[in-house]
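The following dialogue takes a reader through a structure, one feature at a time. Please look at the sequence and the model before reading on.

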Amino acid sequence: MKTDRCPRPALPARMRVRGLPPFPLLPLPQNLSKFLAFLSLLTLVLQEAGAASLLGEREREEKIPEEGDTDASLHVGNHTLSTEDYSEVIDLSSYEELADYGDQIPEAKISSPTLPTRTNPTSTVTPRTLSPHLTMAGPTTTGQLNFQSSHDLPTCLVCVCLGSSVYCDDADLETIPPLPQMTTYLYARFNHIRHIQAGDFKGLTKLRRLDLSGNSISFIHSDALRLLPALQDLILPENQLAALPVLPSGIEFLDVRLNRLQSSGIQPEAFVALEKLQFLYLADNLLDSIPGPLPLSLRSLHLQNNMIETMESDTFCDTREHRHERRQLEDIRLDGNPINLSLFPEAYFCLPRLPVGRFT
């Protein structure tokens, strides 16, 4: 019986391999464009599936360890952090036991021989036994903090010490506190100081300015200021002084306004020896005459609001030398006094300017 078979197409010679049967050709689809589109879609799907699989694998590698795994490493980018990298672990719960500020207290009197011990589960502190009368000194600075004031505290804790300047303004002082030897400028204004003793400024060879404004000073020992070779500015307004002490020869600025200073309280020739004196302020006192003789270095003289009624013809000028001139003395204030300045014309011929005051 014969079976009708479709004749097999002949293969080209280039597709024939000796010893092998010819590979059957698949029939091509009728629409070739649809087949190619299907292959492209299949390729994209496979690529997306591969990328998603790779991303999931990376996430599993970088997944944070579980809470119970404390020794696991932490992966941050290309860096790995592990607790094994640290040689010690800081226990913050015991930090309050590490700070001991007892040595910084300037003075502490302890009545109990022992200190209480604070317990901590992570640290053990051994109690220190202290003497009942132990006094602990505070931190010291060379030349500054070893001096005790009237408050029983170091001077530079009661006052403010900045370099060689000491500021004791409005500190409720009743006496001059012990001062560092290096003190150059002292400001002790608006306190309750009443007396200046002979040794209050002993050894202060560098003191240049002394400002005691606004106290209640009624007495200054004659030796208190005399041994201050560097003193240039002495500022004493708003006190109760009735007399001036012996002044150092280097004084350039003297301010004794608003006191109770009387002419009898100024020693004869007290100012003529001050060859560097330039500014002399004696306003608002109880003076009844112009103190003199005055040094040739003087530039400003303020005597307003006193009780001056008269003056000598040679108060400012040397009447024996008519060519005498005092060009530096340009500022003289006599206003607020009962004196009539027009009665003493011969007293002004050497001055560059007439004094300020009443001329009628």
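**Reading the disulfides and the sheet**

A: A disulfide joins cysteine 159 to cysteine 168, with an S to S distance of 2.0 Å. This is a predicted model.

Q: What is the handedness of the link of cysteine 159 and cysteine 168?

A: The angle about the S-S bond is 105 degrees, and the link is right-handed. Cysteine 159 is buried, with a relative accessible area of 4%; for cysteine 168, also buried, the value is 1%.

Q: Which parts does the pair of cysteine 317 and cysteine 350 tie together?

A: These two cysteines are joined by a disulfide, S to S 1.8 Å. Cysteine 317 lies in the loop between E12 and E13, and cysteine 350 in the segment after E13, so the pair ties together parts 33 residues apart in sequence.

Q: In what order do the strands of the open sheet run?

A: The order of the nine strands is E3-E4-E5-E7-E9-E10-E11-E12-E13, with mixed pairing. Strands E3 (160–162) and E13 (331–333) are the edges, each pairing on one side only.

Q: Where is the pLDDT below 50?

A: Where pLDDT is low, the predicted coordinates should not be read in detail. The chain averages a pLDDT of 76, but over residues 66–152 the pLDDT is below 50.

Technical notes:
Residues are numbered from 1 along each chain as its sequence is written. This is a predicted model: local features need pLDDT of at least 70, side-chain atom pairs count only at pLDDT 80 or more; totals for chains, interfaces and linings use all residues. Side-chain values use heavy atoms; hydrogens and water are left out. pLDDT is the predictor's confidence in each residue, from 0 to 100. Contact means heavy atoms within 4.5 Å. Two strands pair if DSSP finds at least two bridges between them. Helices (H or I, at least four residues) and strands (E, at least two) are DSSP runs, numbered from the N terminus. A disulfide is a pair of cysteine sulfur atoms within 2.5 Å. Buried means under 20% relative accessible area, exposed over 50%, partly exposed in between (1.4 Å probe, protein chains only).
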